[in-house]
Amino acid sequence: MELRLLSRAYSVCRLPAGSALPAPPRKAELYGLTVTAEEVSVVCAMGEEPRGARVESGWSALRVAGELDFSLVGILSSLTAPLAEAGVSVFALSTFDTDYLLVRSAELTPALEALRARGHLISKG
């Protein structure tokens, strides 16, 4: 599978349930907003975190290249299994078209090594 390493560093943020939803940026390589009964989660570029959020900064993002059909099975598993074996924590995010994996920037090198060892191709951009 081909993965693209995004150029920016990211933060994963948590706001309390019922919080006003932060406005997404006009342009973003990646911005995620998930609302549940328990919380509001935001994935955004570092430095663009919503006020009042609990913030975990220092994540790198990998995007599965191309568009994925909903009938495909095991995409995340093929990516997370080698990372788990390498002891790399993952924050996964999916969109209509594809999947993203966030790994702590401090663990990026072992993450890339583990993925390449399983035959995944990684490019920048």
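Q: If contact means heavy atoms within 4.5 Å, which elements cover the buried residues of H1?

A: Two conventions come before the case. This is a predicted model, in which local features need pLDDT of at least 70 and side-chain atom pairs count only at pLDDT 80 or more, whereas totals for chains, interfaces and linings use all residues. Residues are numbered from 1 along each chain as its sequence is written, and side-chain values use heavy atoms, with hydrogens and water left out. Helices (H or I, at least four residues) and strands (E, at least two) are DSSP runs, numbered from the N terminus. The cover of the buried residues of H1 includes strands E1 (2–16), E4 (54–64), E5 (90–94) and E6 (99–104), together with helix H2 (108–117).

Q: Which residues of H1 are buried, and which are exposed on the other side?

A: Buried means under 20% relative accessible area, exposed over 50%, and partly exposed in between (1.4 Å probe, protein chains only). An α-helix has 3.6 residues a turn, so residues three or four places apart point the same way. In helix H1 (residues 75–85), the buried residues are Ile75, Leu79, Pro82 and Leu83. Viewed down the axis of H1, these residues fall within an arc of 105 degrees (taken from the directions from the helix axis to the C-beta atoms), so they line one face of the helix. Ala84 and Glu85 are exposed on the other side of H1. Just after H1, glycine 87 has a positive phi of about 75 degrees.

Q: How many salt bridges are counted, and where do the partners of the arginine 118 pair lie?

A: Side chains of opposite charge can pair when their charged atoms come close. A salt bridge is a side-chain nitrogen of Lys or Arg within 4 Å of a carboxyl oxygen of Asp or Glu; the count comes to 5. One of them joins arginine 118 to glutamate 85, with the closest N and O atoms 2.6 Å apart. Arginine 118 lies in the loop between H2 and strand E7 (121–124) and glutamate 85 in helix H1, so the pair ties together parts 33 residues apart in sequence. Arginine 118 is partly exposed at 43% relative accessible area, whereas glutamate 85 is exposed at 61%.

Q: What links strands E6 and E4?

A: The side chains of arginine 104 and glutamate 56 form a salt bridge (3.2 Å, N to O). Arginine 104 belongs to strand E6 and glutamate 56 to strand E4, 48 residues apart. Arginine 104 is partly exposed at 30% relative accessibility, and glutamate 56 is partly exposed at 34%.

Technical notes. Contact = heavy atoms within 4.5 Å.
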